[in-house]
Amino acid sequence: MKKKFTLATILGTFLVMCSFAQPNKKDDIDALRVTIFNKTMGMSTDESAKFWPVYNDYMQKKETARKSHMAANKVKYQNLDKLSDEEANALIKAEQNYKQTELDLHVDMMKKVKIILSPKKTALIYKAEEEFRKKLMELVKEKNEK
Amino acid sequence: MNKMRSGFTILFIFSVAPLLASFESDSGKKEKDGKKYREPKHYFSNTIWMNHYSSNNYKISNPKIDTLGNYSFKQLNTAFYFPLWTKDVYKKDSTIIANHHLLLTGNFVYASPEFSGLKVQHTLYKSALGFRYIYNNGDKNIWFFDLGSFTSGDNTLLERQERRSTSVIVFNHVFKDWLSMKIGVTKTFLFGDRLHLPVLGVRIGRLDGVYASVTFPRNISLNFPMGRKLSASLFVKPMGGIYNFANSVTYTSGKDTILYNGSGIDSTMIIFGRYEYLGGMRLDFTPSKHFSLFVSGGVTSGNWIGFASYQNDKDKFKRISVFAGQPFSENSGFFNFGMTFRFGRTKNFQGNINMYELFYLNNEFDPGDNNDGAGNGDIPKQMKEKKMRKLSYKDIEDFVDEGDLN
């Protein structure tokens, strides 16, 4: 009885540890974004302290909008060729609304960042975003080449 | 019997943690058409940690209690905090995001002070439950309030328990990402007595890099990352507490007696207090933000134990006077290991130094007043571009456009 209990505890511990120890690539990607943005935009400590909450908030809202849109229309996207005209129109409208939401969020974020940073530094967001995406693509290419 | 209980506690934690994790991850599952995606509500993960501590033997010389023989100490602490409520507040032009956090906190400690002179050892327990409120004004200031209540008892006398409260109020200001200071007050039993102490602290160095921290009365530490997954710290900290201890003891000779011969009050239970200072090194291994593991070891010094009667603990605002205290002059080694589970999706706070500070504060003041926190595994480390592992397209599809593929 005692042996079985000990064995079950050890096995349970091991399984739980394995499931919790899986590395999360999204966190690494988010951390990489911070490194690249801070380097490219050359923000001071004060600027960085104010910039990141705003930018994270923007990213969170953007992700929510994208996932909500995908969740609401997943089946339609999977059966595009089988949609009725009515369904197709609804999907087009949903897609346009989603794109508009994305744009609104971006405009709103840039408006806030312009208050925190100088216009020149604010414009560097575009460079930082490009550098970040370029780096991600490099990492994918490196994996594919292997 | 006590070992069985500890075993069941461990098993319970390991059974509940994955259950809660699967419950949490439901909100992030692949969506069906029409089902709304739910944004993470909190910055804090649901966190459970446990650790085991043990130290060596000391000889008791106080004639009032020297019949207890040698003293050694072991402890199993299981603690948690769960975020209950989080609110972001957009200030001014929405460029400053303040936030409120309310957490449910608790812990359960099995403490085994082992006395070689006793035939029946007393396993003491302490279970605490509390609430924690943290306010980050989004502009370098953090307010931290913790109120906890703990019940302590002795397994040889389960019917008698005692409830006590602990509290912490701290104001923390972040001057720069490499410098922060804190000031506050705490009601603590960390030194085996009821004490009302000021909290004073300074941190020098970035929380996601190398930093030194001094927080009275909690710790002095030098922390340094060793890559993304491993970090180390050199530390000095006090550890201790007070427990209920059954007055009736059985010596190895078989003789039953009482430690305190009191009158006028119920003296079936007395107070056992202890403290020590630990100095050593701690290694934290954090393979993912959901799990971390640590080991620490070093020297324990300034050990003290004391027994007090409830006769001398009537005024709940005063210190407790002991009827038999025993300081130990000799040093010895200690060993401590543990693990932390964090589950659930959280809001993104990468690069947000105010939030890093908030996590650091939360981890520094552990639930249950044991000075035995979850570690700083929830504070992201700096990512060096060269250290980034290779990715597949699936990992990055949310971050790139079709144009980037060309």
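In the predicted model, B:Asp146 is buried, with a relative accessibility of 9%. Its side chain meets that of B:Arg132 in a salt bridge, with an N to O distance of 2.8 Å. Because B:Arg132 belongs to strand β4 (residues 124-136) and B:Asp146 to strand β5 (residues 141-154) of chain B, the pair ties together parts that lie 14 residues apart in sequence. B:Arg132 is likewise buried, at 0% relative accessibility.

Over all chains, 25 salt bridges are counted. Among them, B:Arg206 pairs with B:Asp208, the closest N and O atoms being 3.0 Å apart; B:Arg206 is partly exposed at 29% relative accessibility, whereas B:Asp208 is buried at 8%. A further salt bridge joins the side chains of B:Arg218 and B:Asp369 (3.0 Å, N to O). This pair ties together parts that are 151 residues apart in sequence, since B:Arg218 is in the loop between β9 (211-216) and β10 (219-225) and B:Asp369 in the loop between α2 (353-364) and α3 (393-396) of chain B. Both B:Arg218 and B:Asp369 are buried. In chain A, salt bridges with shared partners connect A:Lys26, A:Asp30 and A:Arg33 in one network.

B:Phe191 is buried, at 13% relative accessible area, while B:Tyr277 is partly exposed, at 33%. One aromatic cluster includes B:Tyr58, B:Phe115 and B:Tyr243. The charged end of B:Lys126 sits over the ring of B:Tyr243, 5.0 Å from its centre.

Methods
Residues are numbered from 1 along each chain as its sequence is written. Chains are lettered from A and ligands numbered from 1 in the order in which they are written. This is a predicted model: local features need pLDDT of at least 70, side-chain atom pairs count only at pLDDT 80 or more; totals for chains, interfaces and linings use all residues. Side-chain values use heavy atoms; hydrogens and water are left out. Buried means under 20% relative accessible area, exposed over 50%, partly exposed in between (1.4 Å probe, protein chains only). Rings of Phe, Tyr and Trp (its six-membered ring) pair if their centres lie within 6.5 Å; planes under 30 degrees apart count as stacked, over 60 as edge-to-face and the rest as tilted. A charge sits over a ring if NZ of Lys or CZ of Arg is within 6 Å of the ring centre and within 35 degrees of the ring normal. A salt bridge is a side-chain nitrogen of Lys or Arg within 4 Å of a carboxyl oxygen of Asp or Glu. Helices (H or I, at least four residues) and strands (E, at least two) are DSSP runs, numbered from the N terminus.
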